[in-house]
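Here is a protein model to look at.

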Amino acid sequence: MRATVTAHSDYTISRIDDRVYGAFLEHLGRAIYTGIYEPDHPTADADGMRGDVAQLVRELKIPMVRYPGGNFVSAYNWEDGIGPRDQRPTRLDLAWHTSDSNQVGIHEFAAWCDTVDTQMMLAINLGSRGLDEARNFLEYVNGPTGSYWGDLRKKNGRADPFDVKLWCLGNEMDGPWQVGHKTAHEYGRLANEVAKTMRAFDKSLELIVCGSSHSNMPTYPDWEREVLEHTYESVDHISLHMYFANREKNTANYLALNEKLDRYIGTVASTINFVKSKKRSSRDVYISFDEWNVWYHSNKQDRAILDGNSGWPHAPRLLEDIYNFEDVLQVGLILNTFIRRSDVVKLACIAQLVNVIAPIMTDPKGQAWRQTIYYPYYFASVYGRGTALQLAVNCPGYDAEHGDNVGYVDVSGVRNAEEGTVTFFAVNRHGSETIDLEVSLEGFGAGTVIDHQVMTHASLEAVNTAADQHNVAPRPGSGARIEGKLLSLRLPPYSYQMIRIKA
Ligand code: AHR
């Protein structure tokens with residue numbers, strides 16, 4: 001099979017916001033406890049944070065990490081996580097039916113973010129709490145000393161404000177499962193008042209209002225319209241979430257799900273424009289896709305805990321999806337979609353980062369390793385920075401549940417003018433055909449291939465484990481060449497690849 005792509009240096013979509021490669025950590029399962037934090041671990045630092053995990057996180061060059069939830073945040077008291085650790089309360093977490101020792105709170109998380117060289121994106125509780133908690137938390141985190149909250153922060157060991165710019169106004173408030181679930185009207189009114197109050201403290205904050213939890217929600221996309229009608233002038237982003245699953249074991253349908261993602265983004269972008277026009281507004285609101293990933297492998301095993309039949313365990317093995325090679329392709333496709341939608345998606349977070357539906361897994365007291373999906377996320381985060389190219393792609397396609405004529409090749413292109421590089425991320429969705437891909441490079445000058453990484457596997461079900469950590473991993477590609485303006489490479493069946501050109 002043959003496919004052609006034309007890339008022209010003048011045909012661009014948008015500058016990609018680096019923050020589209022963000023991640024998410026929730027007080028859920030073993031994300032925090034025995035994930036990033038394990039004081040007894042041989043690699044733990046003075047704060048109890050695992051050095052081996054920090055090293056794997058650092059490699060990903062993550063711009064920001066959303067914290068502390070997720071559903072957890074909607075009944076969370078941030079004050080439980082400050083002050084001397086031995087005096088912090090253990091609380092029951094209503095979202096995941098577990099208990100939390102609060103040994104990690106805002107100070108420990110901030111220090112960890114410094115260690116892994118990332119920024120914080122904080123969520124406030126608009127479920128069980130409201131405006132007062134939001135302003136107090138904001139003043140505690142960002143306020144000057146000489147004020148009540150600033151002085152308390154100083155007493156707890158941190159004189160300088162943390163200076164957090166990104167704030168999520170609650171989490172999935174459209175979901176009946178959420179503690180303090182609200183209608184779009186109730187939430188929109190509250191979110192607007194909270195946003196105004198937070199802006200009164202600091203105009204430069206970037207505020208994220210909740211959109212739909214997924215595009216199958218009965219209230220979608222009216223929820224976005226109504227919430228934005230209340231908040232348009234006071235927020236910067238609207239948050240969307242989507243999780244991907246292959247429950248029917250239908251790979252063709254599974255690998256076409258990013259068509260649904262693309263429509264979801266398109267619909268919400270249109271809704272933003274609708275409200276903008278209706279309000280005669282001159283400001284722009286963007287999309288924060290602050291939860292996305294594959295999530296289904298662990299559903300059955302989680303049931304007993306989520307149904308409350310296991311009591312209130314601390315840091316149980318919840319949402320521990322073991323990712324396979326098929327999921328590599330899916331994550332590559334999702335990231336390609338964000339690159340192509342970089343004009344509207346300015347923030348995004350893989351959900352989550354460690355142990356809980358995560359690219360990094362740990363054994364308590366043991367090793368930390370990369371799950372299969374670590375790699376496409378790594379390649380996009382490290383090499384997908386710059387300007388998204390508007391590619392013209394020509395290739396045969398197939399009809400799937402969520403899209404017609406879905407191309408067998410899915411490709412995105414990024415030009416980094418500072419480095420003088422062009423990078424392509426390509427997925428072959430075909431299970432038996434190798435695709436000969438020809439990319440016509442227009443307006444870039446002479447080019448040479450500087451890096452080519454390929455991921456394939458004999459089995460879509462292949463996974464990485466503590467004992468076999470490199471079963472699914474990238475290998476250097478061969479045979480890619482540039483002749484004149486033409487880059488040619490072969491995409492084996494079911495493969496992911498990243499190819500970088502100096503041009
Ligand atoms: O990431 C897991 C959960 O998925 C989050 O807590 C919630 O926001 C979403 O439903």
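This is a predicted model: local features need pLDDT of at least 70, side-chain atom pairs count only at pLDDT 80 or more; totals for chains, interfaces and linings use all residues.

Reader: Which strands stand at the edges of the open sheet of seven strands?
Author: Strands are DSSP runs (E, at least two residues), as helices are (H or I, at least four), numbered from the N terminus. Two strands pair if DSSP finds at least two bridges between them. The order is β2-β15-β19-β20-β26-β22-β23, with antiparallel pairing. Each edge strand has a single partner, so one side of it is left without a neighbour in the sheet: these are β2 (12-15) and β23 (475-476).

Reader: Which residue in β15 stands opposite R15?
Author: β2 pairs with β15 (residues 387-389) in the antiparallel sense, over three bridges. Opposite R15 stands T387.

Reader: At about what angle does helix α11 run to β26?
Author: Helix α11 (residues 374-383) lies across β19 (409-416), β20 (421-428), β22 (448-455) and β26 (495-502). Contact means heavy atoms within 4.5 Å. Axes are lines fitted to C-alpha atoms, for helices over the stretch in contact, and angles run from 0 to 180 degrees between N-to-C directions. For α11 and β26 the angle is about 20°.

Reader: Which element gives the most to the lining of the largest pocket?
Author: A pocket is an open set of points on a 1 Å grid over the protein atoms alone, where a 1.4 Å probe fits, with protein on both sides within 12 Å along at least five of seven lines; lining residues have an atom within 4 Å of a point. The largest pocket has a volume of about 1,000 Å³, the space filled by probe spheres set on points joined across faces, edges and corners. Its lining has 38 residues, with H214, Y243, A245, R247 and W295 closest to the centre. The most, four residues, comes from α9.

Reader: Which element gives the largest share of the lining of the second largest pocket?
Author: This pocket holds about 380 Å³ of space. Of its 18 lining residues, R340, V393, V409, D410 and V411 lie nearest the centre. Four residues, the largest share, come from β19.

Definitions and conventions: Residues are numbered from 1 along each chain as its sequence is written. Side-chain values use heavy atoms; hydrogens and water are left out.
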